[in-house]
Amino acid sequence: MNRKKNKKMLVKRINLKSNTYDFIIKDKCTAFRIIESTKNEKCGIKFTKPNQYNKLIFYIGIFFRENKKAIVLAVIILLLTYPIKYILDKWICP
């Protein structure tokens, strides 16, 4: 028997008084309920769907926070392999 996963959705929470926003992650049905209930808010907190740019920036930030060691290691390896390859091709094995 397959169990259905609850899909997660990014929701942008806007504080209208201080004109700031942050992001929260909710399951899809709860997120749509929250967005619909605060659609016509004039003061307080409003929830909306973020645009594609905000989603991309948020998920890139999470990726870099979780994978710092792997990214640094990959950059170091790339920076070392090209000079070594150049040295081998140019002077050692012409």
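**Figure 1. K39 and its salt-bridge partner E36.** K39 is partly exposed at 44% relative accessibility; that class lies between buried (under 20% relative accessible area) and exposed (over 50%), with a 1.4 Å probe and protein chains only. The K39 side chain meets that of E36 in a salt bridge, at 3.3 Å from N to O. The term covers a side-chain nitrogen of Lys or Arg within 4 Å of a carboxyl oxygen of Asp or Glu. The model is predicted, so local features need pLDDT of at least 70 and side-chain atom pairs count only at pLDDT 80 or more, while totals for chains, interfaces and linings use all residues. Numbering runs from 1 along each chain as its sequence is written, and side-chain values use heavy atoms, without hydrogens or water.

**Figure 2. The R13 and D22 pair.** A salt bridge joins the side chains of R13 and D22, with 2.6 Å from N to O. R13 has a relative accessible area of 29% and is partly exposed. D22 is partly exposed too, at 31% relative accessibility.

**Figure 3. K85 and D89 in helix α3.** The side chains of K85 and D89 form a salt bridge of 3.1 Å, N to O. Both residues sit in helix α3, residues 68-92. Helices are DSSP runs (H or I, at least four residues), numbered from the N terminus. K85 and D89 are four residues apart, which means a separation of about one helical turn. K85 is partly exposed, at 49% relative accessible area. D89 is partly exposed at 46%.

**Figure 4. Salt bridges in the whole structure.** The search finds three salt bridges. Side chains of opposite charge can pair when their charged atoms come close.

Notes:
Helix = DSSP H or I, 4+ residues; strand = E, 2+ residues; numbered from the N terminus.
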